[in-house]
Amino acid sequence: MIRVALIGNPNVGKTVIFNHLTGARQYVGNWPGVTVEKKVGRCTHRGVEMEVVDLPGVYSLTARSPDELIARDYIVEEKPDVVVDIVDASNLERNLYLTLLLLELEANVVVALNMMDVAASEGYEVDAGMLSKLLGVPVVPCVATRGEGIEALKDAIVDAATRKERRRVAFGFGDEIEDAIKRVEAVLSRSGSEELSRYPLRWLAIKLLEGDERVEALVSKFV
Amino acid sequence: MEEIRRIREELSKKLGEDLEVLLPARRYETAGEISRRCLRRREERLTLTDMLDHVFLHRALGIPIFLALMYAVFQFAYSVSEPFMVMLEAAFGWLGSLAGEAETPLASLWADGICGGLGFVLVFIFPIFFLFFALAILEDSGYLPRAAFVMDRLMYRLGLHGRSFIPLLLGFGCNLPAIMATRVIDDERDRLITILVNPLMSCSARLPVYVLLAGAFFGAYAGAAIFSMYVLGIALAILMALLFRKTIPQLRGKPAPFILELPPYLRPTLRSVLLKTWQRGVVFLKKAATILFAGALALWALSSFPWGAPLEATYAGMLGHALEPLLRPLGFDWMAAVALFFGFLAKEIVVETFGILYGVAGEEEIQAAVAAHMTPVTAFAFMAFTLIYLPCLATFGIIRAETGSWKWTLFAVAYELALAYAVAATIVAFGSIVWG
Amino acid sequence: MERRLSELRPGERGVVVRVVGERRLRRRILDMGIVSGTEVEVVRVAPLGDPVEFRLKGYELSLRRDEAENVIVRIHAGEGFGGGGSEGGS
């Protein structure tokens, strides 16, 4: 069975896609210790069983709101096989911010480029192929409200889960910052901590530079 | 760690900017560049969303439209469900009568306990499902953030968030779906406060009690007396919200910042609306309906045993007598205590209980009997007490489910009891000064 | 000329220069795309005078004046400061 997490900004049609993927096979619970709703569903595609977790709608992945923390902890700690990032095609730039954060986390991202109809009605033409090339991850155009693109999305999820090699595109922050990232990475590797090696090194370094309290607390135990 | 901090400070000094600001900005530069390379704008269009927002967020029209929409939601939920409720009640009445006259404990358990209880629980289902349906449409259409935008200023003044308005308003119908509707509030503290004060919004189940007492005592001023209960509820809710915010450490602080996207309007799909309605309806069935049914059975047992005794001699009557000394200062006798005790199941039951206790039936007869047992001041205090004293059993269950905490649930019960007592005592004291 | 975003009137635009204020709030504002170099337009004010609706990066966002106060903008785009924070203070 492959484990899939759905993530995206609020208002991008995430619930609709979740419902399409899982149909009636879903149950609702709560995330441990908090009153935020947790929805989990299952489906089988091409003989592969998937468990789909609907993460809270978030704009970012800082450690400062319960929703963002739930989403981030799930991806960091539970390491789902595939993370489906639902992107609103009519609001590309802001949605891609979250995509970039997911790529920093080195998640196995598949982008569902939703609301293609809304983008078109606003006069936009979105080049999904170009987006896939620039991000280095599969991009599936969808109109979830009409069920379009859902089968292709399932294909892409199964492909991504079974694919051995992944092309990684690292988005740079400019020379000075990149240099600092390298130096922090070096400090971290020197610690030789097994606990820390569970996390992507570059992500730890970026979060430390950003002053992320949770990562600081984690790392200060070992460094 | 020291070394990492040094690297960070060195770099931020060199770049003249906090890295916590700089890194998001750089990400947005990348996101902007990618989106520019993937997007082609064929034409500039005035979108439907722009046009709709000109109307829905209009300076003069925005609030009237919001209120009209909410009125429509109420009408839909409570009027459309009315015929279903009547049919259901009739069906359970008939089922209950199958066991014949309720002369044996078993027949009574079937007729009054099980059928009465089930019918009572199921009657809730229609308005609640219809309400969830209407709310799901508003939610899926993208209107809810607009409602928060329009009402935020008012709510902020009261120490709450724009998103708190709809749940509070829904409380006038029924506190139960209203408390479930607080899920749209992101901030945990804002949400808790909205849940805690929600039972003070006078739900429709309390209206029959007001009508009975106001009709019996206040004649031409009955309408004003009833209206004053709604105003009292709102005033207390505001006061409590401000008080909780000031005094309870877990709730202290300013309301959450208002950083809210106004997404494009979308046409809701039936599938998604029905699914949402169903999912929330199931929560109601699981968390509230079971507790309600158990409560109905317990009350049946309390008021039926010892078997064959008059109500005064049943366990419920004994309880009323036991509670009487506590309520005496407010001018309530043991029968009022029993009525209030039963009112915990659902507040409209208070009216029925008076009827049973006085051994009369029919609105006017009950009014006459009540008028013989209370003074106008006591009656007014009783109305206020009914408004405040406890969330009903179903609301109690949903507060537990939505806060996920017994502590907050019991706190809601405790503060409401104390507040009800204080307000009723104030009314009685004030009344006795004015009217001697 | 630099002004606070909360001081702009409907129809006016500004380019974000910096975001100040308490850390947590500042981060939330930044995460929404209000970063240096972003052009922000005031769309309308809510019926009761607050919050305010803004348009940026092709979407609509509303903030209370209390929040918008923390955003410093430069009126008049096109002075060559639109390229982000890197030209800043090194």
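In this predicted model, the contact between chains B and C draws 31 residues from chain C and 27 residues from chain B. On the side of chain C that touches chain B, the elements giving two or more residues are helix H1 (23-31) and strand E5 (59-63) of chain C, and the largest share, six residues, comes from H1(C). Chain B is also in contact with chain A, through 42 residues of chain B and 45 residues of chain A. Strand pairing occurs across both contacts, with E2 of chain B beside E5(C) and E1(B) beside strand E7 of chain A.

- By class, the side of chain C that touches chain B consists of 13 nonpolar, nine polar and nine charged residues.
- Strand E2 of chain B, residues 259-261, is joined to E5(C) by three bridges, and the two strands pair in the antiparallel sense.
- Within this pairing, Leu260(B) faces Ser62(C) of E5(C), while Glu261(B) stands opposite Leu61(C).
- Helix H7 of chain B, residues 144-157, lies across a group of strands drawn from two chains, namely E2 of chain B and strands E4 (52-56) and E5 of chain C, and it runs at about 140° to E2(B).

- Which strands form the open sheet, and in what order? Seven strands take part, in the order E2(B)-E5(C)-E4(C)-E3(C)-E2(C)-E6(C)-E1(C), with antiparallel pairing.
- E2 of chain B and strand E1 (2-4) of chain C stand at the edges, where each has a single partner strand, so one side of each is left without a neighbour in the sheet.
- From one strand to the next, the twist averages 40°.
- Further along the order, strand E2 (residues 13-19) of chain C pairs with strand E3 (residues 39-45) of chain C over three bridges in the antiparallel sense, and here Gly14(C) stands opposite Val40(C) in E3(C).

**Strand E5 of chain C**

- Is E5(C) largely enclosed or left open by the rest of the structure? Five of the five residues of this strand are buried, so E5(C) is largely enclosed by the rest of the structure.
- In a regular strand, side chains alternate between the two faces of the sheet.
- In E5(C), Tyr59(C), Leu61(C) and Leu63(C) point one way, whereas Glu60(C) and Ser62(C) point the other way, and all of these residues are buried.
- E4(C) and E5(C) form a hairpin with two residues between them, and Lys57(C) in the turn has a positive phi of about 45°.

- On the side of chain B that touches chain A, two or more residues come from each of helix H1 (2-15), helix H2 (19-38), strand E1 (39-41), helix H13 (270-304) and helix H19 (393-403) of chain B.
- H2(B) gives the largest share of that side, 13 residues, and by class the side divides into 15 nonpolar, 10 polar and 17 charged residues.
- Strand E7 (residues 124-126) of chain A runs antiparallel to E1(B) and is joined to it by three bridges, with Glu125(A) and Arg40(B) as bridge partners.
- Leu39(B) is found in strand E1 of chain B and touches Leu92(A), Tyr124(A) and Val126(A), leaving aside residues up to four places away in sequence.
- Leu39(B) has 19 C-beta neighbours inside 10 Å and therefore counts as partly exposed.

**Chain A: fold and domains**

- The secondary structure of chain A comes to nine helices and eight strands, and the C-alpha trace spans about 50 × 40 × 35 Å along its principal axes.
- A compact globule of 223 residues would have a radius of gyration near 17 Å, and the 18 Å of chain A agrees with this.
- Of the 223 residues in chain A, 47% are buried, and among contacts between residues at least 6 apart in sequence, 63% join residues at least 24 apart.
- The domain assignment of chain A gives domain 1 (2-162) and domain 2 (175-219), whose C-alpha centres lie 27 Å apart.
- Five residues of domain 1 of chain A are in contact with seven residues of domain 2 of chain A, and the domain 1 side of this contact has three nonpolar, no polar and two charged residues.

Definitions and conventions
Residues numbered from 1 in each chain as written. Chains lettered and ligands numbered in written order. Predicted model: local features only at pLDDT ≥ 70, side-chain atom pairs only at ≥ 80, totals over all residues. Helix = DSSP H or I, 4+ residues; strand = E, 2+ residues; numbered from the N terminus. Nonpolar A, V, L, I, M, F, W, Y, C, P; charged D, E, K, R; others polar. Pairing = 2+ DSSP bridges. Rg over C-alpha atoms; globule rule 2.2 N^0.38 Å. Buried ≥ 20, exposed ≤ 12 C-beta atoms within 10 Å, placed from the backbone. Axes fitted to C-alpha atoms, helices over the stretch in contact; angles between N-to-C directions. Domains from an automatic or database assignment.
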